[in-house]
Amino acid sequence: MDTVAAMEWRYAVKKFDNERILPREKIEIIKKAFQLIPSSSGLQPNRLLIIQDKTLQKKLEKHSYYQKQVATASHLLVFCIETGVDTNFIKQKFELEMKIRNTPEEILRPFRENLIRDFEGKGPSEKEFWAINQVYLAMGNLLNICAIERIDACPMEGFDTKKYDSALHLEEKGLKSILAMPIGYRATDDKFAGFKKVRRPMEDLVIEWGG
């Protein structure tokens, strides 16, 4: 599917077809895409929850200000940040790089030590802000993947993160929920599917130099 056509096709779904379930191969594509998404310094301070449990989805709908997409979607994606990004977390990243790429220690050491010093100088709120930025990057990428794969989606900030964290036992996993995205197939009677996109004119959005 043409990339621009995919972007034209997608919209924030307001009503999902409750009877249609995404095939397993589509979920595997989402998982692989999430694994490949870029992140600052390659640290990947995010986790993705993929929920296919109507009872749990219904419970989370209540914590999402009763947005029905949460319960009626085929699956619910919950984007989380790791709350324990520390020296050990950074060291594990470089150990993995040595294992996969066989990069010599003398090459990795300066980058690793510089990164450790940088993070040791950050306070908790600064680390959290940094990690949250990576979550938005991840969701943006997955929205595009969903469009290309003809998977309908609805990105959401509107939910009670503390109640999500409690319902999903995230604190004990060292995680904190940030964003949610129900995915599945649009209902045939979702009138929003036919609405024209409202976007600012190109000349108000893009500035080009040269060329």
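I started with Cys80, which is buried, at a relative accessible area of 0%. Buried here means under 20% relative accessible area, exposed over 50%, and partly exposed in between, with a 1.4 Å probe and protein chains only.

I noted that the model is predicted: local features need pLDDT of at least 70, side-chain atom pairs count only at pLDDT 80 or more, and totals for chains, interfaces and linings use all residues. Residues are numbered from 1 along each chain as its sequence is written, and side-chain values use heavy atoms, with hydrogens and water left out.

Next I looked for disulfides (pairs of cysteine sulfur atoms within 2.5 Å). I found zero. For Cys80 the closest cysteine sulfur is in Cys146, 17 Å away, so a bond is ruled out by distance. Cys154 is in no disulfide either; the sulfur of Cys146 is its nearest, at 12 Å. Cys154 also counts as buried, at 5% relative accessibility.

Then I turned to the largest pocket. A pocket is an open set of points on a 1 Å grid over the protein atoms alone, where a 1.4 Å probe fits, with protein on both sides within 12 Å along at least five of seven lines; lining residues have an atom within 4 Å of a point. I noted 16 lining residues, and Gly42, Leu43, Gln44, Lys93 and Leu96 lie nearest the centre.

Which element gives the largest share of the lining? It is α5, with seven residues. I also listed α2 (24–36), β1 (46–51) and α5 (87–101) as each supplying at least two residues.

Notes: Helices (H or I, at least four residues) and strands (E, at least two) are DSSP runs, numbered from the N terminus.
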